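Student: Could we look at a structure together and talk through how its aromatic rings are arranged?
Tutor: Gladly, let's begin.

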Amino acid sequence: MGRKVLTYATEKHGHCEIHVDTKNEMFYIKYFDSNGRQFFVEDHPNKSLREVEQIAEQWCMGTKKLVEDL
């Protein structure tokens with residue numbers, strides 16, 4: 001179980017939250033649709049907070065596709 005660090009929102013997709021898992025020392029992103037339902041979780045081991053922020057920003061801008069979207 002992790003702690004929420006940041007939230008990114010978009011009118012098109014919904015929102016995503018960056019969480020930190022202190023036990024496993026990694027960040028992960030939870031993705032939510034426009035109705036607030038979580039639909040995907042993406043782990044980011046060995047990435048810095050800034051790198052994970054960039055991934056979340058790219059998804060909000062529509063330039064990042066999730067594995068589920070492919």
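**Aromatic rings and a glutamate**

Tutor: Welcome to this predicted model. A search of the whole structure turns up four aromatic pairs. One of them joins Y31 and F39, with 6.4 Å from centre to centre and 40° between the planes.

Student: Is Y31 buried or exposed?
Tutor: The cut-off for buried is under 20% relative accessible area. Y31 has 0% relative accessibility, so Y31 counts as buried.

Student: How does F39 count, at 27% relative accessibility?
Tutor: Buried needs under 20% and exposed needs over 50%. The 27% of F39 lies in between, so F39 counts as partly exposed.

Student: What kind of aromatic pair do Y31 and W59 form?
Tutor: Their ring centres are 5.0 Å apart, and there are 70° between the planes. Planes over 60 degrees apart count as edge-to-face. The pair of Y31 and W59 is therefore edge-to-face.

Student: How many residues apart in sequence are the parts that this pair ties together?
Tutor: Y31 lies in strand β3 (residues 26-32), while W59 lies in helix α1 (residues 49-61). The pair ties these parts together across a sequence separation of 28 residues.

Student: Which residue's side chain makes a polar contact of 2.7 Å with the side chain of Y31?
Tutor: Look in strand β4 (residues 38-44). The partner of Y31 is E42.

Definitions and conventions: Residues numbered from 1 in each chain as written. Predicted model: local features only at pLDDT ≥ 70, side-chain atom pairs only at ≥ 80, totals over all residues. Heavy atoms only, no water. Phe/Tyr/Trp six-rings, centres within 6.5 Å; stacked < 30°, edge-to-face > 60°. Buried < 20%, exposed > 50% of the residue type's maximum accessible area, 1.4 Å probe, protein only. Helix = DSSP H or I, 4+ residues; strand = E, 2+ residues; numbered from the N terminus. Polar contact = N/O pair within 3.5 Å; in protein donor to acceptor, adjacent residues only side chain to side chain.
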